[in-house]
Amino acid sequence: MVITAKGKEILEIAEEPEYVMLAKVEDLKMDMLRIVEEEEIKKIRLKTSDEATFEVEPSILKEMKRVQSLINTEAIDTSVAIPLPNITSRNLSRIIDFCWEHQYNTENLEEFKGRFLKSLNHQELKELLLAANYLNIKTLFDFLCNSFTDLIQNESPEFIRDFFNILNDTNSVKSMHAPAFQGSIDDD
Amino acid sequence: MLGSTGKMPKLAPTGDESPSSAVLPEELIWEILLRVPVRSLVQFRCVCKSWNSLISDPQFAKDHLRTTATDPNQRLVSSLMGNPKIVSFSVQSLIQSLSSPARARRFSMSDKFHILGSCNGLLCLCDIHQRCIRLWNPSIRFRSKRFPTGVTPDTGITHHGFGYDHLTDSYKLLVAVEDLNEKVTKVYTFGENSWKVIQNFPCRPTRWLGKFVSGTLNWIAKAAASDDQWVILNFDLGNESYGEVLLPQEGDCNKFCNPVLNVLRGCLCVCFYDSKEARWVVWLMKEYGVQHSWTKLVMIPHFIQDPWIECQHSFFRWYHSLEPLAITENGIIILKTNFSKVVIYNSIDGKLNYLRIRGEHGLHDLHSYHESLVFPPC
C-alpha cells in the first residue's frame with residue numbers, strides 16, 4: 001500500500017551504489033512497517049462537500065485541531081467518514097499536501113511554500129483560508145494570513161476594495177485618509 | 001502516503017465554479033490586517049466604514065502591537081538641539097546608508113519639545129520650559145492635550161522614564177523634579193490625568209533616562225552598599241515600587257567602566273568598557289530579572305571616539321561610553337557615543353563606521369521607535 005511519496009524516494013536513490021540503496025530500502029521498509037501499523041489503528045476518513053473520501057494519517061490529522069477535538073470529545077465511530085461540509089476535495093487535497101510538507105520536508109519547505117502559493121489564484125486563496133480557519137490548522141492559517149499581507153500591504157484602497165469585494169460606503173474619503181509619519185505635532 | 005490519502009480522489013471540479021463566493025468574515029479580515037504595517041493600515045482606513053472602525057478599534061491596536069512585536073521596521077527618533085523639530089530614521093536605511101548620508105523624516109513644531117520617552121509607538125514629549133507634557137503617536141497623528149508638569153522656573157526635571165503598565169492598561173511617566181535643596185519624585189498616569197508623589201530614588205543613577213522593559217523603568221547606579229559596585233535600579237510601573245536587578249556575574253564588576261543600559265530585541269542590555277581587555281562588551285538579559293540569563297551579545301574593540309578630544313585630554317577617556325541603539329539579526333549593531341556620534345559595528349567582519357546624517361549635527365537624544373496604532377484615552 002501507500003507508496004507515492006516514499007516511492008519517489010526509491011526512484012531518486014536508484015543511482016546510488018547498490019549497498020547504499022539496499023540499506024536505504026531496508027530503512028524505508030522499517031519506516032513503512034511502522035507507519036502501516038500506526039495507520040491501521042488510527043487512520044481516519046474524512047468526507048468532503050463533493051462526497052470524496054480521504055484517508056488521513058494521524059500525524060496530519062493532529063494538525064487539524066477541529067477534527068482532532070471532534071474525535072477526542074465525541075468518541076466518533078471511526079469506521080464512518082467524518083463529514084466536512086465546508087471543504088471541497090480540491091482544497092482538502094491541498095491542505096493535506098501542505099501539512100505533509102510542513103511536517104516532513106525539512107530541506108525545501110520555503111521552496112514548496114513558494115510553489116504552493118503560485119498555484120493558487122486569489123479566490124482559491126480565500127477559500128483555503130476559510131478552510132484552514134474551519135479546520136483550525138495553525139501553520140496553514142498563519143502562512144495564508146502572511147501571504148495575504150504580502151499581497152495587499154502596498155496596494156491602494158481601490159485595489160483592496162476589488163480584492164475583497166468591498167463596496168465603498170465612505171463619502172468622506174479625504175478626511176479619513178491620513179498619510180503616516182508626516183506633518184507637524186502642533187495644535188490645530 | 002499521500003498516494004492513498006491526499007491524491008486519491010479525482011473528483012475535484014476544474015476552474016472556478018463561483019468566482020466571488022468566498023467572502024471573508026470580519027474575524028479573518030482582522031487576522032490578516034494584524035500583520036499589515038501601520039503605514040498601510042492608515043491608508044486602508046478609507047477602504048470602507050467597517051475597515052475604518054476595525055483599524056481604529058483600541059483592541060485591534062493592542063493585538064497589532066503584539067503581533068508586530070518583533071518589528072523589522074524599527075526607527076530611531078530624536079529632537080534637535082536648538083531647532084523645533086523631531087527627526088526620525090529607519091534603522092534599515094541607516095545601515096544601508098554607509099556610503100551616502102542617511103535621510104531623516106522631519107516633523108516641525110511651533111514650540112520646541114524634547115522627547116522624555118518612547119513606548120509602543122507613543123512619544124512622551126515635554127516642552128522646552130518643562131511646563132507641560134503630551135503624548136504623540138506620529139504614525140496615526142494622534143496627540144493628546146497638554147498636561148501641566150508643575151515645574152517652576154527654579155526647578156527642573158532630572159531623572160525620568162515613560163512606559164506602559166499592563167495591570168491598569170495605562171501609560172505612565174515618572175519624573176524627578178529638583179532644585180538645589182529639594183527633590184520630588186512623582187508619577188503621571190495618562191487617562192487618570194493626575195500626578196502622584198512617590199518615594200525618591202534610593203540611590204542616584206548615572207543617567208537621567210530610565211529604560212522601559214517588562215513593565216519596569218531601569219537605570220544604572222552605584223550600589224548603596226559599595227561605591228565600586230554597579231546595580232540596576234528599577235521602578236515597577238504596576239505596583240509603583242523600586243527594586244534592584246543584578247548585573248552579569250561573570251568577572252570582576254570593578255573592571256567594567258561606564259556601563260550604559262538600553263533595550264535590544266525587547267530585552268534589557270548593558271554596554272560596559274572592559275578596560276583590562278580594552279574592548280566594549282554588550283550583554284543581553286534574555287529573561288528580565290533573571291541574573292543567569294545574561295548573555296554576552298557583542299564585543300567591540302576599542303576605538304577612538306573623538307580624535308581631537310582624545311589627544312587633548314586623555315582624561316576624557318574615562319568618560320567614554322557607548323549606548324547600544326539597535327541590532328539587526330545578522331549582527332550589525334548601532335551605537336551612540338557620548339559625543340552624540342552614531343557608529344555602526346558589524347560583528348561579523350569587524351568593520352566600524354561612523355554614520356553620516358545629512359544636516360543633523362544636533363541630535364539631542366535618540367530613542368527607539370516602533371510604529372503602532374496606539375492612542376490611549378487621555
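Here is a walk through a predicted model with chains A and B, starting with confidence and ending at a contact between the chains.

Where pLDDT is low, the predicted coordinates should not be read in detail.

In the model, residues 138-169 of chain A are 72% helix and 0% strand, and the C-alpha atoms at the two ends are 33 Å apart. Elsewhere in chain A, helix H5 (residues 89-104) holds Ser93(A). Ser93(A) counts as buried because its relative accessible area is 19%, with the cut-off at under 20%. The C-alpha atom of Ser93(A) sits 10.0 Å from that of Thr48(A), though 45 residues separate the two along the chain.

Now for chain B, which has six helices and 25 strands. Buried residues make up 53% of its 378 residues. If you take the contacts in chain B with a separation of 6 or more, 48% of them link residues 24 or more positions apart. Chain B exposes about 17,100 Å², and carbon and sulfur atoms supply 52% of that area.

Six of its six residues are buried, so E1(B) is largely enclosed by the rest of the structure. You can check this face by face: Arg75(B), Val77(B) and Ser79(B) are buried on one side, and Leu76(B), Ser78(B) and Leu80(B) are buried on the other. What does E1(B) pair with? One partner is strand E2 (residues 83-90) of chain B, joined in the antiparallel sense over six bridges, with Ser79(B) standing opposite Ile86(B). E1(B) and E2(B) make a hairpin with two residues between them, and Gly82(B) in the turn has a positive phi of about 65°. Strand E25 (residues 367-369) of chain B is another partner, also running antiparallel to E1(B), with three bridges. There, Arg75(B) stands opposite Tyr369(B).

Further along chain B, strand E18 (residues 267-274) includes Asp274(B). This aspartate is buried, with a relative accessible area of 4%. A polar atom of the Asp274(B) side chain lies 3.2 Å from the backbone nitrogen of Glu277(B).

Finally, go to Arg35(B), in the loop between helix H1 (26-33) and helix H2 (38-44) of chain B. Is Arg35(B) buried or exposed? With a relative accessible area of 18%, Arg35(B) is buried. Leaving aside residues up to four places away in sequence, Arg35(B) touches Thr67(B) along with Asp142(A), Cys145(A), Asn146(A) and Thr149(A).

Technical notes. Residues numbered from 1 in each chain as written. Chains lettered and ligands numbered in written order. Predicted model: local features only at pLDDT ≥ 70, side-chain atom pairs only at ≥ 80, totals over all residues. Heavy atoms only, no water. Helix = DSSP H or I, 4+ residues; strand = E, 2+ residues; numbered from the N terminus. Buried < 20%, exposed > 50% of the residue type's maximum accessible area, 1.4 Å probe, protein only. Contact = heavy atoms within 4.5 Å. Areas by Shrake-Rupley, 256 points an atom, 1.4 Å probe, with all protein chains shown as cover. Polar contact = N/O pair within 3.5 Å; in protein donor to acceptor, adjacent residues only side chain to side chain. Pairing = 2+ DSSP bridges.
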